[in-house]
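Morning, everyone. I have one structure to go through, and I will keep to what can be computed from it.

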Amino acid sequence: MQAVLELRDKVLTLVVEGDLDQLTLTKDYWASIDTNAKKKLTDAARLIVSLRGVDRADSAGLAWLINLKRDLKQHNVDVSIHNSPTKLIELAKLSNADSFLE
């Protein structure tokens, strides 16, 4: 999994590509980024997470997204998730966590 912060049309976007699963995730997003990225996020106060490039996701990927939203909310950053893969949406519904993917 690769997650890169990009400024697109004056909106900060986290572009996620590859597999979002237990084999590729080692720690929460907020804990994995440097001080400069944290400052960009808190200054922007809004983040779009694009999952267009995600090939596969499991419950660890869902937990990573939930933690990302939780952690950034604590820093007053509004997060919206776009282009969720169908399998991830189905998993979120089964876990009663589909509201996190909005």
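A definition first: Lys and Arg count as positive and Asp and Glu as negative, while His and the chain ends are not counted. Each charge is placed at NZ of Lys, CZ of Arg, CG of Asp or CD of Glu. On that basis, the protein chain has 14 positive and 15 negative charges, and their mean positions are 4 Å apart.

Now the caveats. This is a predicted model, where local features need pLDDT of at least 70, side-chain atom pairs count only at pLDDT 80 or more, and totals for chains, interfaces and linings use all residues. Residues are numbered from 1 along each chain as its sequence is written, and side-chain values use heavy atoms, with hydrogens and water left out.

On to the fold. The order along the sequence is β-β-α-α-β-α-β-α, with helices (H or I, at least four residues) and strands (E, at least two) taken as DSSP runs numbered from the N terminus. The C-alpha atoms fill a box of roughly 35 × 25 × 25 Å along the principal axes.

Of the 102 residues, 40% are buried, meaning under 20% relative accessible area; exposed is over 50%, and partly exposed lies in between (1.4 Å probe, protein chains only).

Last, the backbone. Which residues other than glycine have a positive phi near 60°? Asparagine 76 is one; it sits in the loop between α3 (59-73) and β4 (78-82) and is exposed, at 64% relative accessible area. Asparagine 83 is another, placed in the loop between β4 and α4 (86-94) and partly exposed at 35%.
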